[in-house]
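Q: Could you walk me through how to read a few features of a structure, giving the general idea first and then the case at hand?

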Amino acid sequence: MKVIFIIISVFLFFSSVKAKNVVIPDAAFKKLLIADSTESGINTNGDGEIQMSEAKKYSGAIRATKKGIRDL
């Protein structure tokens with residue numbers, strides 16, 4: 001019984017640690033956001049996704065004119 005409890009506890013811990021990604025429905029907008037993976041950009045870890053923590057840290061401007069973006 002202890003083994004089952006430990007397995008379930010470990011599973012719940014690792015499932016809660018997983019990073020939460022921001023859902024970006026427009027492919028052109030997502031491409032714009034993940035293009036800059038520098039420390040001053042949004043995608044700071046360069047993984048091709050925008051995590052909630054990255055989005056919350058970003059305070060710069062996003063220049064999105066003439067990029068083919070249809071849905072923000």
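**Reading charges and a pocket**

A: In this predicted model, the side chain of D26 reaches the backbone nitrogen of D71 at 2.9 Å.

Q: Where does D26 lie, and which other backbone nitrogen is found beside a polar atom of the side chain of D26?

A: D26 sits in the loop between α1 (2–17) and α2 (27–35), and a polar atom of the side chain of D26 lies 2.9 Å from the backbone nitrogen of A28.

Q: How many salt bridges does a search of the whole structure find?

A: The search finds one salt bridge, in which the side chains of E49 and K30 meet at 3.2 Å, N to O. This pair links distant parts of the chain, with E49 in the loop between α2 and α3 (52–57) and K30 in helix α2, 19 residues apart. E49 is partly exposed, at a relative accessible area of 26%, and K30 also counts as partly exposed, at 23%.

Q: What lines the largest pocket?

A: The largest pocket holds about 150 Å³ of space, and its lining includes L32, L33, D36, Y58 and R63. By kind, the lining residues divide into seven nonpolar, one polar and two charged.

Definitions and conventions: Residues numbered from 1 in each chain as written. Predicted model: local features only at pLDDT ≥ 70, side-chain atom pairs only at ≥ 80, totals over all residues. Heavy atoms only, no water. 1 Å grid on protein atoms, 1.4 Å probe; cavity = no way out; pocket = protein on both sides within 12 Å on 5 of 7 lines; lining within 4 Å. Points joined across faces, edges and corners; volume = space filled by probe spheres on them. Nonpolar A, V, L, I, M, F, W, Y, C, P; charged D, E, K, R; others polar. Helix = DSSP H or I, 4+ residues; strand = E, 2+ residues; numbered from the N terminus. Polar contact = N/O pair within 3.5 Å; in protein donor to acceptor, adjacent residues only side chain to side chain. Salt bridge = Lys/Arg side-chain N within 4 Å of Asp/Glu carboxyl O. Buried < 20%, exposed > 50% of the residue type's maximum accessible area, 1.4 Å probe, protein only.
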